[in-house]
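Subject: Structure handover

Hello,

Please find the structure below. My notes on it follow.

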Amino acid sequence: MTAHAQMHSYSTNFTYSQKNFVDTIPIEVVDNQIFVTATVNGRPYRFNIDTGSSQGTIYDNAPFIGMRSLGNVVSQDAAGRSDTVGVVQMPQFSLGKLTVTGYVASVFHSTMSRSYDAILGFDLFNKGLCCKIDTRNKRMILSDRRDFFDGEKGYALHYTLKWWVPYVMVSPFKRHYDEALFDTGSSILYTMNKESFDEHAYKSKNVNSQVAARVKGNMTIGNIGAEKTSEVAFLKLDRLKWDDFSFLNVNAVTTQGTSRIGASLLNYGAVVINGFRRYIRFLPYTEGDSVEVNNKTVTTAYVPTSDGRASVGVILPGSADYQEGLRQGDIILSIDGHSINSFTAFQQYPLAKGMTHQFIVMSISGERKTIFIQR
């Protein structure tokens, strides 16, 4: 990519090989992320389905042959950071019976470890597809028939496209509504934009009564970097409403980025996305109009520093890690005697559930500390 390449604008000029079709595609679900197998030049690759991305994403070490440069684009990531990145046209690929030609992807440099080869964004549906994602049965049904899923019963929210991704109105507090991105690239059920939360908290004592703690920190990681350090509120919501369906006792956090409904939603039901009529319908796996969530509270989040080291982004006071002496801003130097020189090395270190690991960390003030952390 040259510095003077023209800016590439959002486009759905890619083409589909099928018309008037229905196809069922197996999916893999790992850590609340959805993966499909795509075939490129006869070889299988792992693609992530990310409705929070407007178009495709690959990384600068992508294994594909035959990509064509299209210039640059100004991209904003999940942490709200913007940068000019390269854009390419990917080689032709197939999802089940469907072949996609001319698909566009942004190219990011990332120091993080990835378990997939590319991201498919929401443009897959904006082009003119309907989709049912059913993680219980590990399948995704695709169709270009706009009425194919009309018989499915559930709770539908119409979405608004902003930056070419779908935003829906949910209710985290009684008589309060929040515009949230439906983002399968985010694993947490619900994160709330801090500015939006502050507006609601200013108006209602009921909102403030559902705050478990307020701390300084950061936890959202985008393709460009981690969000800046600010106040993070840990929330214990009585309920989160999607249309007339209630998720009860939801632990959530605030973020500097946009509010998000993440892929954990799919633990409680399937979803239908209608790219023609612009709605997302939630189909509960259980009977009734509510489900008990009681999800685990995020107590410690790790983020990359500006120079690519692993650090503590946020930590909940009173948590086990906090009582051991871990603090926000601590940089991870080693684990169990193994040097940790990058965030990727931290991600790849095999922390074993139920085991106690020895962390050597360096505080913001430069103090070295030995912390014993159980996973």
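A search of the whole structure finds 0 disulfides, a disulfide being a pair of cysteine sulfur atoms within 2.5 Å. Cys 130 is in no disulfide, and the nearest cysteine sulfur, that of Cys 131, is 8.8 Å away, too far for a bond. Cys 130 is buried at 1% relative accessible area and Cys 131 is buried at 0%. Here buried means under 20% relative accessible area, exposed means over 50%, and partly exposed is in between (1.4 Å probe, protein chains only).

Before the rest, the conventions. This is a predicted model, in which local features need pLDDT of at least 70 and side-chain atom pairs count only at pLDDT 80 or more, while totals for chains, interfaces and linings use all residues. Residues are numbered from 1 along each chain as its sequence is written, and side-chain values use heavy atoms, with hydrogens and water left out.

Salt bridges: the search of the whole structure finds 11, counting a side-chain nitrogen of Lys or Arg within 4 Å of a carboxyl oxygen of Asp or Glu.

- Arg 46 pairs with Glu 28, with the closest N and O atoms 3.0 Å apart. Arg 46 lies in strand β5 (residues 43-49) and Glu 28 in strand β3 (residues 28-30), so the pair ties together parts that are 18 residues apart in sequence. Helices (H or I, at least four residues) and strands (E, at least two) are DSSP runs, numbered from the N terminus.
- Glu 152 pairs with Lys 132 at 3.0 Å, N to O. Glu 152 is in the loop between β14 (139-143) and β15 (155-158) and Lys 132 is in strand β13 (residues 130-134), so this bridge ties together parts that are 20 residues apart in sequence. Glu 152 is partly exposed at 26%, whereas Lys 132 is buried at 11%.
- Asp 134 pairs with Arg 139 at 3.7 Å between the closest N and O atoms. Asp 134 is buried at 4%; Arg 139 is partly exposed at 32%.

Helix α2 (residues 194-203) has Lys 194, Ser 196, Phe 197, His 200 and Ala 201 buried. They are on the same side of α2 because they cover an arc of only 155° around the axis, taken from the directions from the helix axis to the C-beta atoms. On the other side, Glu 195, Glu 199, Tyr 202 and Lys 203 are exposed.

Regards
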